[in-house]
Amino acid sequence: MLVALTAMVALCGVTMVIGLAPLRRGDLQRAVLWWAGANWGIAVVAAATATFSWPLMMLAALLPAVLATGTEQGRRLVAYVAVSVVVCTTVVLAGELQDVTGLSEATPAWIRRTLLALFTPALAAMVGLVVLQNSLRLQAALSGALDAQRELGEQADELRRSRARVVAAADRERRTIERDLHDGAQQRLISIGIALSAVRSRCHTDPDAAMRELEDLRDQVHIAHNEVRDLAQGLYPPVLSEHGLAEALRSAVDRYPLRITLDLRDPGRHLPELEAAVYFCCLEALQNAAKHSSAEHVLVSLGAGDGTVWFQVLDDGQGFVADQTSGTGGMLSMRDRLGASGGGLDISSAPGRGTLVRGHVPVDVG
């Protein structure tokens with residue numbers, strides 16, 4: 001009988017040692033499975049051999065179910081709990097039955113009491129520690145979920161505000177275009193039409209004067225054409241759609257009364273809305289530098305890397321106290337443009353130290 005018991009205890013010990021191998025590989029699930037089998041085996045053997053130890057072994061039988069809560073879920077976790085309950089019941093029954101080995105009867109009472117007094121609190125503390133760890137892990141997960149939910153709510157609120165600003169900006173741009181067309185090209189074309197009617201009647205009476213007026217009207221048509229072309233380029237410049245960001249920025253900087261240095265590394269071609277966001281943000285930053293910063297020199301940089309297209313506009317102007325939570329309409333417009341493409345904007349400035357505008361948008365590098 002002792003040989004059989006020794007063999008069973010040794011087998012359980014070997015099982016626990018085997019459980020260390022998957023643990024070294026990071027396979028925590030398999031390690032818990034091996035340890036659970038060893039725990040259950042030792043609990044049953046010890047309770048059947050030394051009946052006085054059944055309170056200890058009952059705790060040992062429940063330990064795998066507690067450990068499994070950190071690695072398993074669903075049916076696998078239910079299986080661990082069910083087996084632990086069955087083994088725990090077996091341990092209690094074995095402890096209450098007559099000891100067939102005679103070992104419990106032969107063990108002095110003081111040894112029994114000492115073993116129970118020493119190991120019951122320790123094993124109970126081990127079970128409690130695992131339960132506490134799992135509880136803390138669950139609380140951390142819940143806290144993370146609440147933080148993520150709060151962040152999503154803030155992003156949703158900002159998205160609604162951003163959409164409202166985009167709609168308002170679109171209305172302003174539409175009214176500006178209507179005003180520019182009405183006050184510019186439309187009025188010029190109406191004037192040309194009226195002048196053509198007068199020239200037609202003068203062709204029979206004074207051909208030379210009619211020819212001079214036609215020459216003047218041709219110049220007026222060229223001016224109207226240039227006004228409409230400039231307006232169209234302000235909406236979406238053809239050079240951007242045909243040649244990309246680098247060439248579009250090279251062709252745009254001449255309109256600003258600044259000394260501009262370009263450091264443009266062609267980022268390649270991307271979605272039109274992405275290229276438009278970067279292009280118009282660069283132009284907005286240049287316009288701010290020209291109108292508000294009293295800058296003399298501006299460095300414009302463009303490139304791509306780490307799955308993003310990025311740009312920087314650095315001026316040597318008077319700077320300002322940067323506040324990332326607010327800003328002018330132009331800064332909000334830049335943030336909204338980049339945010340619509342999943343990007344972001346960072347503005348660094350200080351009085352007397354110029355301004356650095358940095359932006360990026362993610363791109364599909366697959």
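Where is Ser294 found? Select Ser294 to begin: this residue sits in the loop between helix 11 (272-292) and strand 2 (297-305). Helices (H or I, at least four residues) and strands (E, at least two) are DSSP runs, numbered from the N terminus. The model is predicted, so local features need pLDDT of at least 70 and side-chain atom pairs count only at pLDDT 80 or more, while totals for chains, interfaces and linings use all residues. Residues are numbered from 1 along each chain as its sequence is written, and side-chain values use heavy atoms, with hydrogens and water left out.

Most residues other than glycine have a negative phi. Ser294, however, has a positive phi near 55 degrees. Ser294 counts as exposed because its relative accessible area is 58%; exposed means over 50%, buried under 20%, and partly exposed in between (1.4 Å probe, protein chains only).

Next, select Asp306, in the loop between strand 2 and strand 3 (308-315). Asp306 also has a positive phi, of about 55 degrees, although it is not a glycine. With a relative accessible area of 82%, Asp306 is exposed.

**Salt bridges**

The structure holds 6 salt bridges, each a side-chain nitrogen of Lys or Arg within 4 Å of a carboxyl oxygen of Asp or Glu. Select Glu247 and Arg250, whose closest N and O atoms are 2.9 Å apart. Both residues lie in helix 10 (residues 245-252), 3 residues apart, about one turn of the helix. Glu247 is partly exposed at 38% relative accessible area, and Arg250 is partly exposed at 36%.

Move to Arg269 and Glu275, which meet in a salt bridge (2.9 Å, N to O). Here Arg269 is partly exposed, with a relative accessible area of 44%, whereas Glu275 is buried, at 1%.

Then select Asp346 and Arg358, a salt bridge with its closest N and O atoms 2.5 Å apart. This pair links distant parts of the chain, with Asp346 in strand 4 (residues 344-349) and Arg358 in strand 5 (residues 355-362), 12 residues apart. Asp346 is partly exposed, with a relative accessible area of 29%, and Arg358 is partly exposed at 33%.

**A surface patch**

Finally, select Leu196, Met211 and Leu214, which make a nonpolar surface patch of about 260 Å². Patches are made of residues with over 30% relative accessible area and no salt bridge: like charges are joined within 9 Å, nonpolar side chains (Val, Leu, Ile, Met, Phe, Trp, Tyr) within 5 Å. Accessible areas come from the Shrake-Rupley method with a 1.4 Å probe; for residues, only the protein chains shown count as cover. Leu214 lies in helix 8 (residues 207-235) and counts as partly exposed because its relative accessibility is 33%.
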